[in-house]
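Please look first at the sequence and the predicted model shown below, and keep both at hand while reading.

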Amino acid sequence: MRVITKGKIALAAAATAAALVLTGCGGSAGSSSGGNSSATSGELNLIAYSGVWQDQYTAAVIEPFKAKYPDIKINYSSKRSSAEMLSALQGQKNNPATDVAIMDNSVSTTGNTQGLFDKIDPAAVPNLANVPEQFKNKGGFGPVVMLDAVGLLYDTATFPKAPESWDVLWDPAYAGKINVNAPPSLLGLSLTAITSKMEGEDYTKSIDKAVARLKEMAPGVQTFAPNPDEYQNVITGQTVLGLGQNARGQFYSDQSNKKMGVTFPKEGTVYQINTVNVVKDAPNKAAAQTFVDYALSAEAQTAFAKALFYAPSVTNADLPADVKDRVVPTDGSLNIVPLDVEFLSSARDKWTDTWKRQIITK
Amino acid sequence: MTVTQTEAPAARRAGAAEGELEKSTGRRNRRTYLALLIPGVLGLVVSFVFPLAYMVRMSFNKGAPDGVIEETFTLDTYIQPLTDPYYWRVTLDTFQMGVTVGLLCVLVSYPVALFLARSTSKYRGLLIAVAIAPLLTSAVVRTYGWMVILGTNGLVNSTLDGMGLIDTPLKLTNNMTGVTIGLVEIFMPYAILAMISGFGRLSPQLEEAAGSLGASKLQIFTRVTLPLSLPGILTAFLLVFVLSISTFITPRLLGGGSVQVLATEIYDQTTGLLNWPFAAALSVILLVLFGLIIAVYQRLTKKIGG
């Protein structure tokens, strides 16, 4: 038996493309300046999140990077989720077309074990020295580039004061006005862990109590897949409570004129951590390292924290007080429910299944 | 072969020549037809046969967590859904949704199609265009439209609330009700088109004849119009059924995660859990379901002489 990745799919796609070329549809073969060893010129293929994240990251980090290195051309390939990024990278494994990937920690850990990423060379990425040990990868792979956490979204008209406990999700007064993203979304997986902890359970062993509790919440949930997204649902008044990321929540809170707020309830929350990774056998490795170094610079970290409220992962980023108050604290002051990435990769399937079969009601 | 100049009667000679001419034109035509088929067949092979074969092969692989695919030959991907009551329920729900949407869609489209088919107005073309115009808008946009209309603060609920008919908003989205309403509207143009083209044998003369022989309007409808329009109705039902059970966008967006059908399950397995072999197996099961329905349809159309 052979273990393969989706390389064959890429092959299939290539065959299809070849066939299309043969039938006269034409098309240009993707090329990369692989031979270029200079770190300040060439091409760079980045894979990262889509939507508002892409907009803000482009404005806060990519544009200044381009201004600094005008000879490096950046191709941004956007994906809706880290899982989709992983899938794309698996498909390119034998013939990588991506240089740098910014994705969720739990997914990049999988990528590391699957041999999709390279170790980071501290000499080529001097700013790695500013990343504290806890945010470095123990195996020397891509470090944490930004942090966020799961927050509780609330309608400020209904809640003039932010709810203090996750228990509000079970309050019958708000039944039918709640949106919860079910697993495999990280939000739903996090809520499972948080509920388990609230019930005094060790979720690495069992989530039975959490499931029983979540079942009580389920009939009051209006949607398990909010559209267009969890934030707009609260902003438009479709719901009054929801699960969301703090960073985007803060951003949309401003966008909506504070119609929606986001808070960290006292029982704790789960970090959402993004790492920056260099793809193994990246076609433009030098440019990739230059980019990773820039992404870890105080300048880039501060700019993105101001733009989208992600907490920096480096020690030398100095945030203005009003931004600092709104990014997730990384100094230990926030009650964090640890969701071990390796555990999560084995639990994702099971928890998703459990939600579908037992928790989500029609 | 050439025409031989022998002492055979002139008439025979002429006939033979004609036959030869016909044969060679026929051959030429056949060759032209075959040549004309090549681009289409090639396109089908590249865009349909090849991916389908690839999907079937994929369904026998083994999916490990986190997207690694083990190339092997296992039936586990089929045994799992076929022995799991959850997937039976999902399949049954998918089937039920298809039947419900198909029936409702036929019900609301039939009068429109009948009117359009029989209309002698000079605006008939325009009216048909208007009836199928929604096809020009993406199903995504129309689904979002329904989300706005059916939402808790949507048009329907705020109107009913304003009239004092309800206290708490009706739950019209994020469930099967919303998905059904959305799908029926989205597939109406297909049903209308299918019925208009299927009403071929329906002729006003037959209805007039029935009327002149003393049949009441109801009798004309039940004994003449309806039986003659049955092939069109069946085609429309089949089309809408097949479209409904394979649609993903509307169940996903209007279902709010609570509507689990085969298409949404395939999506979750593919993009969320990266278990492609399992997703491929579910797709094959869906395909088999299509095949069964089409077989039943062909039996039925033969029976009613469609």
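Although Lys258(A) is not a glycine, its phi is positive, at about 65°. Is this residue buried or exposed? Lys258(A) counts as exposed, because it has 9 C-beta neighbours inside 10 Å, and a residue with 12 or fewer is placed in that class.

Pro183(A) and Pro184(A) are joined by a cis peptide bond, with an omega of about 15°, and Pro184(A) is found in the loop between strand E6 (178-179) and helix H5 (186-198) of chain A. Another cis peptide bond links Asn227(A) to Pro228(A), with omega at about -5°; Pro228(A) lies in the loop that runs between strand E7 (221-223) and helix H7 (230-235) of chain A.

From these loops we can turn to the chain as a whole. Chain A contains 12 helices and 11 strands, and of its 362 residues 49% count as buried. Among the contacts in chain A with a separation of 6 or more, 74% are accounted for by residues 24 or more positions apart.

Which way does E2(A) run relative to strand E3 (residues 72-79) of chain A, parallel or antiparallel? The two strands pair in the parallel sense, over 8 bridges, and within this pairing Asn45(A) has Asn75(A) of E3(A) as its bridge partner. Together with helix H2 (residues 51-68) of chain A, E2(A) and E3(A) make a right-handed β-α-β unit. E2(A) is also joined by 2 bridges to strand E4 (residues 100-104) of chain A, again in a parallel arrangement, and there the bridge partner of Leu46(A) is Val100(A).

Val100(A) leads on to the nonpolar core. The largest nonpolar core has 155 residues, and those that touch the most other members are Val100(A), Val292(A), Phe304(A), Tyr310(A) and Ala191(B). The largest share of this core, 13 residues, comes from helix H7 (residues 176-198) of chain B. If neighbours within four places in sequence are left aside, Val292(A) is in contact with Val100(A), Ile120(A), Val125(A), Val276(A) and Val278(A). In soluble globular proteins, nonpolar side chains tend to be buried together.

A helix of chain A can be mostly covered as well, and helix H3 (residues 82-91) is an example, with 9 of its 10 residues buried. Leu89(A) belongs to this helix, and Leu89(A) is buried because 28 other C-beta atoms lie within 10 Å, where 20 or more are required. Not counting residues up to four places away in sequence, Leu89(A) touches Thr98(A), Ala101(A), Gly111(A), Leu116(A) and Val279(A). Leu89(A) and Val278(A) are 189 residues apart in sequence, yet their C-alpha atoms are 11 Å apart in space.

Finally, we come to chain B, which is divided into domain 1 (10-41) and domain 2 (82-303). The centres of these two domains of chain B, taken over C-alpha atoms, are separated by 45 Å. How many residues of chain B are in contact with chain A? There are 29 of them, and they meet 35 residues of chain A. On the side of chain B that touches chain A, helix H1 (10-58), strand E2 (69-71), helix H10 (249-255) and helix H11 (262-272) of chain B each supply at least two residues. The residues of this side divide into 12 nonpolar, 13 polar and 4 charged.

Note on methods:
Residues numbered from 1 in each chain as written. Chains lettered and ligands numbered in written order. Predicted model: local features only at pLDDT ≥ 70, side-chain atom pairs only at ≥ 80, totals over all residues. Domains from an automatic or database assignment. Contact = placed C-beta atoms within 7 Å. Helix = DSSP H or I, 4+ residues; strand = E, 2+ residues; numbered from the N terminus. Nonpolar A, V, L, I, M, F, W, Y, C, P; charged D, E, K, R; others polar. Core = buried A, V, L, I, M, F, W, Y, C linked by C-beta atoms within 7 Å. Pairing = 2+ DSSP bridges. Right-handed = clockwise from strand over helix to strand, strands pointing away.
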